[in-house]
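User: I have a model open and want to go through a few local features with you. Can we start with strand pairing?
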Amino acid sequence: MGADNGPLELTAYVVGNPRGWVLEPASARRKWMDDTEGFAYRCLPLSMANQAGWVVRSPVDFSAVWNGGVYAKDTTVTVPENAEGYEKQITSHFGWGIVTISVPWLFRTAEGYGLMVRGPTNYFKGGVAALDGLVETDWTPATFTMNWKITDPDRVVRFSAGEPVCMVAPFRLDALDRFAARTAPIESNAELHAAFRAWAASRSSFNANPHRKAEDWQKDYLKGEQPGTGEKVKQHRTRFGLKRFGEGQGQ
(Lines give C-alpha, C1' and ligand atoms only; values in the text may rest on other atoms or scores of the structure.)
Protein backbone atom coordinates (compact mmCIF):
# COMPACT_ATOMS: atom_id res chain seq x y z
CA MET A 1 0.00 0.00 0.00
CA GLY A 2 1.01 3.62 -0.40
CA ALA A 3 2.32 5.54 2.58
CA ASP A 4 -0.32 6.74 5.04
CA ASN A 5 1.54 10.00 5.62
CA GLY A 6 3.17 12.39 3.21
CA PRO A 7 2.46 13.09 -0.45
CA LEU A 8 1.04 10.43 -2.76
CA GLU A 9 1.96 10.31 -6.44
CA LEU A 10 -0.60 10.91 -9.17
CA THR A 11 0.97 11.13 -12.61
CA ALA A 12 -0.72 11.80 -15.94
CA TYR A 13 1.50 10.40 -18.68
CA VAL A 14 0.81 11.92 -22.08
CA VAL A 15 -0.02 9.15 -24.56
CA GLY A 16 -2.21 11.03 -27.05
CA ASN A 17 -2.51 14.49 -28.54
CA PRO A 18 -3.17 16.81 -25.55
CA ARG A 19 -3.79 19.89 -27.71
CA GLY A 20 -6.72 21.83 -26.30
CA TRP A 21 -7.47 19.39 -23.49
CA VAL A 22 -7.45 20.78 -19.94
CA LEU A 23 -6.76 18.79 -16.76
CA GLU A 24 -7.23 20.83 -13.59
CA PRO A 25 -8.61 20.77 -10.02
CA ALA A 26 -12.40 20.75 -9.98
CA SER A 27 -14.21 23.93 -9.01
CA ALA A 28 -16.61 24.15 -6.08
CA ARG A 29 -18.97 26.24 -8.20
CA ARG A 30 -21.84 25.07 -10.41
CA LYS A 31 -24.04 27.20 -12.65
CA TRP A 32 -27.26 25.76 -11.23
CA MET A 33 -26.02 26.53 -7.71
CA ASP A 34 -25.23 30.11 -8.73
CA ASP A 35 -28.81 30.36 -10.02
CA THR A 36 -30.16 29.67 -6.51
CA GLU A 37 -28.76 33.07 -5.47
CA GLY A 38 -26.05 31.20 -3.60
CA PHE A 39 -28.50 29.30 -1.39
CA ALA A 40 -27.20 25.91 -2.56
CA TYR A 41 -23.69 26.77 -1.38
CA ARG A 42 -24.95 26.71 2.20
CA CYS A 43 -24.82 22.92 1.84
CA LEU A 44 -21.15 22.27 2.56
CA PRO A 45 -21.31 18.59 1.51
CA LEU A 46 -22.40 19.69 -1.99
CA SER A 47 -19.55 22.17 -2.35
CA MET A 48 -17.00 19.69 -1.01
CA ALA A 49 -18.17 16.98 -3.41
CA ASN A 50 -17.97 19.42 -6.32
CA GLN A 51 -14.23 19.97 -5.79
CA ALA A 52 -13.21 16.45 -4.73
CA GLY A 53 -11.09 15.58 -7.76
CA TRP A 54 -9.67 16.82 -11.04
CA VAL A 55 -11.73 17.55 -14.15
CA VAL A 56 -10.97 17.08 -17.83
CA ARG A 57 -12.37 19.80 -20.08
CA SER A 58 -13.31 19.21 -23.69
CA PRO A 59 -10.98 20.77 -26.27
CA VAL A 60 -13.75 21.28 -28.80
CA ASP A 61 -17.48 21.68 -29.36
CA PHE A 62 -19.15 18.42 -30.33
CA SER A 63 -22.61 16.93 -30.57
CA ALA A 64 -24.10 13.45 -30.67
CA VAL A 65 -27.42 11.90 -31.59
CA TRP A 66 -28.59 8.29 -31.16
CA ASN A 67 -31.29 6.63 -33.26
CA GLY A 68 -32.09 4.04 -30.58
CA GLY A 69 -30.12 1.18 -32.15
CA VAL A 70 -27.55 -1.09 -30.53
CA TYR A 71 -24.64 -0.62 -32.95
CA ALA A 72 -21.86 1.95 -32.94
CA LYS A 73 -23.12 3.28 -36.28
CA ASP A 74 -26.45 4.12 -34.63
CA THR A 75 -24.86 7.03 -32.78
CA THR A 76 -23.53 9.93 -34.82
CA VAL A 77 -20.85 12.08 -33.19
CA THR A 78 -20.09 15.38 -34.90
CA VAL A 79 -17.08 17.62 -34.34
CA PRO A 80 -16.36 20.80 -36.34
CA GLU A 81 -14.70 20.28 -39.72
CA ASN A 82 -11.70 22.34 -38.61
CA ALA A 83 -11.20 20.18 -35.48
CA GLU A 84 -8.97 17.64 -37.19
CA GLY A 85 -7.86 14.78 -34.95
CA TYR A 86 -10.60 15.11 -32.33
CA GLU A 87 -12.89 12.82 -34.29
CA LYS A 88 -10.58 9.98 -33.19
CA GLN A 89 -10.77 10.99 -29.52
CA ILE A 90 -14.53 11.56 -29.31
CA THR A 91 -16.39 8.68 -30.94
CA SER A 92 -19.23 6.18 -30.96
CA HIS A 93 -17.35 3.00 -30.07
CA PHE A 94 -19.49 0.67 -27.95
CA GLY A 95 -22.97 1.14 -29.40
CA TRP A 96 -26.24 1.49 -27.42
CA GLY A 97 -26.05 5.28 -27.59
CA ILE A 98 -22.75 5.58 -25.74
CA VAL A 99 -20.37 8.44 -26.57
CA THR A 100 -16.76 7.51 -25.82
CA ILE A 101 -14.13 10.11 -24.94
CA SER A 102 -10.49 8.99 -25.08
CA VAL A 103 -8.53 11.32 -22.81
CA PRO A 104 -4.89 11.80 -23.87
CA TRP A 105 -3.35 10.61 -20.61
CA LEU A 106 -2.47 7.34 -18.90
CA PHE A 107 -2.84 7.88 -15.16
CA ARG A 108 -0.67 6.22 -12.56
CA THR A 109 -1.54 6.37 -8.86
CA ALA A 110 0.40 5.38 -5.76
CA GLU A 111 0.38 1.68 -4.88
CA GLY A 112 -2.95 0.59 -3.45
CA TYR A 113 -4.88 3.52 -4.90
CA GLY A 114 -7.12 3.68 -7.96
CA LEU A 115 -9.18 6.34 -9.69
CA MET A 116 -12.91 6.90 -9.64
CA VAL A 117 -13.66 8.03 -13.20
CA ARG A 118 -17.00 9.76 -13.60
CA GLY A 119 -18.84 12.82 -14.80
CA PRO A 120 -18.36 16.05 -12.86
CA THR A 121 -20.14 15.83 -9.49
CA ASN A 122 -23.52 17.58 -9.23
CA TYR A 123 -23.37 18.48 -12.92
CA PHE A 124 -26.35 17.75 -15.17
CA LYS A 125 -27.03 17.50 -18.90
CA GLY A 126 -30.41 16.78 -20.40
CA GLY A 127 -30.69 13.59 -22.42
CA VAL A 128 -27.34 12.12 -21.41
CA ALA A 129 -25.83 10.53 -18.30
CA ALA A 130 -22.20 10.02 -17.34
CA LEU A 131 -21.09 6.43 -16.74
CA ASP A 132 -18.87 5.89 -13.67
CA GLY A 133 -15.91 3.54 -13.52
CA LEU A 134 -13.36 2.41 -10.94
CA VAL A 135 -9.90 1.85 -12.42
CA GLU A 136 -6.88 0.19 -10.75
CA THR A 137 -4.47 2.82 -11.98
CA ASP A 138 -1.66 1.66 -9.69
CA TRP A 139 -0.72 -1.17 -12.08
CA THR A 140 -2.52 -1.19 -15.43
CA PRO A 141 -0.59 -0.03 -18.51
CA ALA A 142 -3.88 0.61 -20.32
CA THR A 143 -5.70 3.90 -20.69
CA PHE A 144 -9.37 4.31 -19.82
CA THR A 145 -12.19 6.10 -21.62
CA MET A 146 -14.87 8.39 -20.26
CA ASN A 147 -18.32 7.41 -21.48
CA TRP A 148 -21.68 9.18 -21.62
CA LYS A 149 -24.93 7.30 -22.30
CA ILE A 150 -27.52 9.13 -24.38
CA THR A 151 -30.90 8.40 -22.81
CA ASP A 152 -33.33 9.75 -25.41
CA PRO A 153 -33.29 8.55 -29.03
CA ASP A 154 -33.27 11.26 -31.72
CA ARG A 155 -32.32 13.96 -29.22
CA VAL A 156 -29.21 15.96 -30.10
CA VAL A 157 -26.83 16.31 -27.16
CA ARG A 158 -24.25 19.10 -27.31
CA PHE A 159 -21.01 19.65 -25.42
CA SER A 160 -19.07 22.91 -25.54
CA ALA A 161 -15.33 23.50 -25.72
CA GLY A 162 -14.09 23.99 -22.16
CA GLU A 163 -17.00 22.07 -20.67
CA PRO A 164 -16.02 19.44 -18.06
CA VAL A 165 -16.54 15.97 -19.51
CA CYS A 166 -14.73 13.82 -16.95
CA MET A 167 -13.75 13.90 -13.28
CA VAL A 168 -11.13 11.70 -11.62
CA ALA A 169 -10.67 11.18 -7.89
CA PRO A 170 -8.23 8.79 -6.16
CA PHE A 171 -9.60 6.17 -3.79
CA ARG A 172 -7.95 3.54 -1.63
CA LEU A 173 -8.60 0.16 -3.19
CA ASP A 174 -9.07 -1.76 0.06
CA ALA A 175 -11.06 0.91 1.92
CA LEU A 176 -14.57 -0.50 1.40
CA ASP A 177 -13.56 -4.04 2.37
CA ARG A 178 -12.07 -2.82 5.66
CA PHE A 179 -15.33 -1.43 7.05
CA ALA A 180 -17.23 -3.62 9.53
CA ALA A 181 -20.79 -2.52 8.74
CA ARG A 182 -23.37 -2.83 11.55
CA THR A 183 -26.51 -1.27 12.95
CA ALA A 184 -27.11 -0.16 16.52
CA PRO A 185 -29.72 1.77 18.53
CA ILE A 186 -28.71 5.40 18.96
CA GLU A 187 -29.15 5.01 22.73
CA SER A 188 -26.17 2.63 22.80
CA ASN A 189 -23.89 5.63 22.26
CA ALA A 190 -24.76 8.10 25.01
CA GLU A 191 -22.53 10.91 23.78
CA LEU A 192 -23.75 10.67 20.20
CA HIS A 193 -27.35 10.34 21.36
CA ALA A 194 -27.12 13.56 23.38
CA ALA A 195 -25.52 15.43 20.47
CA PHE A 196 -28.15 14.13 18.06
CA ARG A 197 -31.00 15.21 20.33
CA ALA A 198 -29.49 18.70 20.66
CA TRP A 199 -29.18 18.97 16.89
CA ALA A 200 -32.70 17.63 16.25
CA ALA A 201 -34.26 20.06 18.75
CA SER A 202 -32.39 22.99 17.26
CA ARG A 203 -33.36 21.95 13.74
CA SER A 204 -37.04 21.57 14.64
CA SER A 205 -37.09 24.98 16.31
CA PHE A 206 -35.45 26.59 13.27
CA ASN A 207 -37.85 24.99 10.78
CA ALA A 208 -40.88 25.88 12.90
CA ASN A 209 -40.03 29.58 12.97
CA PRO A 210 -42.03 31.26 10.15
CA HIS A 211 -40.07 34.48 10.63
CA ARG A 212 -36.61 32.95 10.22
CA LYS A 213 -34.15 34.97 8.17
CA ALA A 214 -31.07 34.03 6.18
CA GLU A 215 -28.77 35.13 9.01
CA ASP A 216 -30.56 32.69 11.35
CA TRP A 217 -29.37 29.74 9.26
CA GLN A 218 -27.68 27.07 11.36
CA LYS A 219 -23.96 26.88 10.71
CA ASP A 220 -22.78 24.18 13.13
CA TYR A 221 -21.75 21.81 10.36
CA LEU A 222 -20.19 24.55 8.25
CA LYS A 223 -18.11 25.73 11.20
CA GLY A 224 -17.27 22.20 12.35
CA GLU A 225 -18.89 22.71 15.76
CA GLN A 226 -20.91 20.33 17.89
CA PRO A 227 -24.56 21.49 18.22
CA GLY A 228 -25.36 22.96 21.59
CA THR A 229 -21.80 22.98 22.96
CA GLY A 230 -19.96 24.72 20.13
CA GLU A 231 -17.05 22.33 20.64
CA LYS A 232 -14.74 22.31 17.61
CA VAL A 233 -14.32 18.97 15.85
CA LYS A 234 -10.98 17.73 14.57
CA GLN A 235 -10.04 17.57 10.88
CA HIS A 236 -13.02 19.61 9.69
CA ARG A 237 -12.67 20.71 6.06
CA THR A 238 -14.42 23.44 4.11
CA ARG A 239 -12.24 23.16 0.99
CA PHE A 240 -9.64 20.95 -0.66
CA GLY A 241 -6.17 22.02 -1.70
CA LEU A 242 -5.69 19.95 -4.85
CA LYS A 243 -2.42 20.46 -6.67
CA ARG A 244 -2.33 21.36 -10.32
CA PHE A 245 -0.59 18.88 -12.59
CA GLY A 246 3.01 20.03 -13.00
CA GLU A 247 2.93 22.01 -9.75
CA GLY A 248 6.22 21.62 -7.92
CA GLN A 249 8.02 20.43 -11.06
CA GLY A 250 9.23 23.83 -12.19
CA GLN A 251 6.66 23.92 -14.98
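User: What is the bridge partner of Val128 in E12?
Analyst: Ile150 is the bridge partner of Val128 in E12. Keep in mind that this is a predicted model.

User: How many bridges do E10 and E12 share, and in which sense do they pair?
Analyst: Four bridges join E10 to strand E12, residues 145-150, and the sense is antiparallel.

User: What sheet is that part of, and in which order do the strands come?
Analyst: The sheet is open and has four strands in the order E6-E7-E12-E10, with antiparallel pairing.

User: Which strands stand at the edges?
Analyst: Strand E6 (90-92) and strand E10 (128-131) do. Each has a single partner strand, so one side of each is left without a neighbour in the sheet.

User: And by how many degrees are neighbouring strands turned against each other?
Analyst: On average by 30 degrees, direction ignored.

User: Back to E6. Where is Gln89?
Analyst: Gln89 lies in the loop between strand E5 (75-78) and E6.

User: Buried or exposed, that Gln89?
Analyst: Buried: the relative accessible area of Gln89 is 10%, and the cut-off for buried is under 20%.

User: What does the Gln89 side chain make a polar contact with?
Analyst: With the side chain of Trp21, at 3.1 Å.

User: Switching to backbone torsions. What is phi of Glu37?
Analyst: Phi of Glu37 is near 60 degrees, a positive value in a residue other than glycine. Glu37 sits in the loop between helix H1 (31-34) and helix H2 (44-50). With 80% relative accessibility, Glu37 counts as exposed, because the cut-off for exposed is over 50%.

User: What about phi of Asp154?
Analyst: Phi of Asp154 is near 65 degrees, again positive in a residue other than glycine.

User: Where is Asp154 found?
Analyst: In the loop between E12 and strand E13 (157-159). Asp154 has a relative accessible area of 60% and is exposed.

User: Last topic, the surface. Which residues form a nonpolar patch?
Analyst: Ile186, Leu192, Phe196 and Trp199 form one, with about 370 Å² of accessible area together.

User: Where is Trp199 placed?
Analyst: In helix H4, residues 190-208.

User: Why does Trp199 count as partly exposed?
Analyst: Because the relative accessibility of Trp199 is 40%, and partly exposed covers the range between the buried cut-off of under 20% and the exposed cut-off of over 50%.

Definitions and conventions
Residues numbered from 1 in each chain as written. Predicted model: local features only at pLDDT ≥ 70, side-chain atom pairs only at ≥ 80, totals over all residues. Heavy atoms only, no water. Pairing = 2+ DSSP bridges. Helix = DSSP H or I, 4+ residues; strand = E, 2+ residues; numbered from the N terminus. Axes fitted to C-alpha atoms, helices over the stretch in contact; angles between N-to-C directions. Buried < 20%, exposed > 50% of the residue type's maximum accessible area, 1.4 Å probe, protein only. Patch = residues over 30% accessible without salt bridge, like charges linked within 9 Å, V, L, I, M, F, W, Y side chains within 5 Å. Areas by Shrake-Rupley, 256 points an atom, 1.4 Å probe, with all protein chains shown as cover. Salt bridge = Lys/Arg side-chain N within 4 Å of Asp/Glu carboxyl O. Polar contact = N/O pair within 3.5 Å; in protein donor to acceptor, adjacent residues only side chain to side chain.
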